[in-house]
Amino acid sequence: MATALLQRVAIGHHDGFDRVVFEFRDPGLPGYRVEYVPPPLKEDGSGDPVDVAGNAFVVVRMEPASGFDLNSGEGEVVYKGAKRLDASGAGATVVQEVVRTGDFESVLSWAVGLSSKVDFRVTTATSPSRLVVDFRNR
């Protein structure tokens, strides 16, 4: 399976849920695991601690996936967005911050900091390929 290339991360607020979307450049999605994890959060590869705003934390781990395309000559940065996204600008009420915690050896990890532990659901979409995580905000 080819490495899925992340091109966009978005946060949104909707009636009843806050949404985090991981959008990929090409058709198809990587494998993924989405789960609550206890702090401290650590960066993949280095093991360095990563601060993420919030009181509860969900890690979204995708593989094979990356924000960098190694198959294009010198390599190409595909994800040009921020490594740390403040959710308040999107009007989110339970999602506080979304932070990249790793892009190492085709494993891409992002941590979602939440104000409290809430139910969540994971769905996928096509055109473009997206992994969508909705967090209950009521």
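How many bridges pair strand β6 with β12, and in which sense? Seven bridges join β6 (residues 56-63) to β12, and the sense is antiparallel. This is a predicted model.

**The five-strand sheet**

- Strands of a sheet pair through backbone hydrogen bonds, either parallel or antiparallel.
- Here, five strands form an open sheet, and the pairing is antiparallel.
- The order across the sheet is β3-β6-β12-β11-β10.
- Two strands sit at the edges: β3 (31-37) and β10, each of which pairs on one side only.
- On average, neighbouring strands of this sheet are turned by 15° against each other, direction ignored.

**Pairings within the sheet**

**The hairpin of β11 and β12**

- Two residues lie between the strands of this hairpin.
- Glu-105 lies in the loop between β11 and β12.
- Its phi is near 50°, a positive value in a residue other than glycine.
- Is Glu-105 buried or exposed? Glu-105 has a relative accessible area of 67%, so it is exposed, the cut-off being over 50%.

**Aromatic rings**

- A pair of aromatic rings is described by the distance of the centres and the angle of the planes.
- The model has four aromatic pairs.
- One of them is Tyr-79 with Trp-110: the ring centres are 5.6 Å apart and the planes stand at 85°, so the pair is edge-to-face.

**Charges over rings**

- Lys-117 lies over the face of Tyr-36, at 4.8 Å from the ring centre.
- Arg-121 has its charged end over the ring of Phe-17, 5.5 Å from the centre of that ring.
- Arg-121 and Phe-17 are both among the residues that Asp-134 touches.

- Where is Asp-134? Asp-134 lies in strand β14 (residues 130-136).
- Its relative accessible area is 3%, so Asp-134 is buried, the cut-off being under 20%.
- The Asp-134 side chain makes a polar contact with the side chain of Arg-19, at 2.6 Å.
- Leaving out residues up to four places away in sequence, Asp-134 touches Phe-17, Asp-18, Arg-19, Asp-119, Phe-120 and Arg-121.

- Asp-51 is in the loop between β5 (49-50) and β6.
- With 64% relative accessibility, Asp-51 counts as exposed.
- Which residues does Asp-51 touch, not counting residues up to four places away in sequence? They are Arg-84, Glu-97 and Val-99.
- Asp-51 and Gly-113 are 62 residues apart in sequence, and their C-alpha atoms are 9.5 Å apart in space.

- Pro-39 and Pro-40 are joined by a cis peptide bond, with omega at about 5°.
- Pro-40 is in the loop between β3 and β4 (41-42).
- Another cis peptide bond joins Ser-127 and Pro-128, with omega at about 0°.
- Pro-128 belongs to the loop between β13 (120-125) and β14.
- Ser-127 is placed in the loop between β13 and β14.
- Phi of Ser-127 is near 55°, a positive value in a residue other than glycine.
- Ser-127 is exposed, with a relative accessible area of 70%.

How values were computed. Residues numbered from 1 in each chain as written. Predicted model: local features only at pLDDT ≥ 70, side-chain atom pairs only at ≥ 80, totals over all residues. Heavy atoms only, no water. Helix = DSSP H or I, 4+ residues; strand = E, 2+ residues; numbered from the N terminus. Buried < 20%, exposed > 50% of the residue type's maximum accessible area, 1.4 Å probe, protein only. Polar contact = N/O pair within 3.5 Å; in protein donor to acceptor, adjacent residues only side chain to side chain. Contact = heavy atoms within 4.5 Å. Pairing = 2+ DSSP bridges. Phe/Tyr/Trp six-rings, centres within 6.5 Å; stacked < 30°, edge-to-face > 60°. Lys NZ or Arg CZ within 6 Å of the ring centre and 35° of its normal. Axes fitted to C-alpha atoms, helices over the stretch in contact; angles between N-to-C directions.
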